[in-house]
Amino acid sequence: MHVMSDKIVILTGAGISAESGLGTFRDEGGLWARHRIEDVATPEGFARDPILVHEFYNARRAQAAKAQPNAGHQALAQLAAQHPGEVVVITQNVDDLHEKAGSQGVIHMHGTLSGALCSACGHRWQAELVMQPQDSCPHCAGTTTRPDVVWFGEIPYAMQTIETHLAEADLFVSIGTSAQVYPAANFVQAAAAAGARTLEFNLEPSAMATRFDDCRYGPASKTLPRWVAEILG
Ligand code: APR
């Protein structure tokens with residue numbers, strides 16, 4: 001049952017961008033079937049071979065730049081625009097398809113492909129489409145620049161803000177994530193503990209499926225527009 005003033009907190013994963021042509025990580029033939037996490041998604045891997053890591057993210061940045069949001073992203077933007085209560089989108093994704101669909105204030109807990117970060121001074125700026133190890137920081141001129149994405153072993157961004165949203169949620173919705181990476185996999189428990197109703201959208205049951213009050217399986221480009229139409233009436 002849906003209340004007009006409900007605060008809806010949404011977590012998205014790679015599955016919502018799958019139908020836009022961006023690969024997921026753990027599905028058949030996913031990114032982690034073709035690359036070793038320790039080589040391309042850890043600080044140690046970057047220290048060992050920054051060229052390999054920049055090439056991995058340059059390829060994903062180029063793909064994301066060409067990708068278009070699908071009906072799933074658009075449904076969430078429509079929900080936020082028309083639902084009277086607050087709608088918060090937290091994403092594990094580093095693409096900008098939520099923004100391209102019109103969502104605003106998206107919380108990128110794993111950073112973004114469009115961001116560059118200087119490991120020396122902490123300065124952040126808009127990344128070039130192609131980043132290279134010799135790029136220098138526009139602020140301190142150092143050459144310890146990296147993609148502004150959160151690697152395994154690093155702290156996700158905006159966790160305090162996220163925890164506040166989860167504590168205030170009336171409805172927590174997880175979309176397109178296998179729920180195998182923490183802390184995001186625990187969000188359903190935090191929201192439920194604070195009294196939220198919980199709903200999972202995925203292609204198949206995630207690792208946390210049993211924690212949800214309700215689950216709807218199928219491609220997000222089909223399930224989300226149907227759900228948003230129900231909500232908005
Ligand atoms: N519609 C809905 N769900 C889909 C679709 C689709 N069209 N296609 C795939 N899925 C689901 C799959 O069933 C799977 O459970 O999306 C999920 C994707 O899971 P993962 O590939 O593990 O991606 P994600 O959960 O986002 O990974 C979390 O892990 O590697 C790190 O930092 C990386 O942010 C990423 C995090």
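**Strand pairing, domain interface and local geometry**

Strands β1 (residues 8–12) and β2 (residues 87–91) run parallel and are joined by five bridges. The model is predicted: local features need pLDDT of at least 70, side-chain atom pairs count only at pLDDT 80 or more, and totals for chains, interfaces and linings use all residues. Residues are numbered from 1 along each chain as its sequence is written, and side-chain values use heavy atoms, with hydrogens and water left out. Strands (E, at least two residues) and helices (H or I, at least four) are DSSP runs, numbered from the N terminus. Two strands pair if DSSP finds at least two bridges between them.

The open sheet holds six strands in the order β3-β2-β1-β7-β8-β9, with parallel pairing. Its edge strands are β3 (107–108) and β9 (214–217), and each pairs on one side only.

The chain is divided into domain 1 (1–21 + 69–110 + 156–233) and domain 2 (23–66 + 113–149). These bounds come from an automatic or database domain assignment. The domain centres, taken over C-alpha atoms, are separated by 26 Å. Contact (heavy atoms within 4.5 Å) involves 14 residues of domain 1 and 15 residues of domain 2. The buried area between the two domains is about 940 Å², and carbon and sulfur atoms give 51% of that area. Buried area is the accessible area (1.4 Å probe) that two parts lose on being put together, summed over both. On the domain 1 side, Ala14, Val94 and Tyr157 lose the most area to domain 2, together 45% of what that side buries.

Zero salt bridges are counted between domain 1 and domain 2. A salt bridge is a side-chain nitrogen of Lys or Arg within 4 Å of a carboxyl oxygen of Asp or Glu. In the whole structure, the search finds ten salt bridges. One of the pairs is formed by the side chains of Lys7 and Glu86 (3.3 Å, N to O). Lys7 lies in the segment before β1 and Glu86 in the loop between α6 (71–82) and β2, so this pair ties together parts that are 79 residues apart in sequence.

Most residues other than glycine have a negative phi, and most peptide bonds are trans. Tyr182 and Pro183 are joined by a cis peptide bond, with omega about 5 degrees. Ala141 is not a glycine, yet has a positive phi of about 65 degrees.
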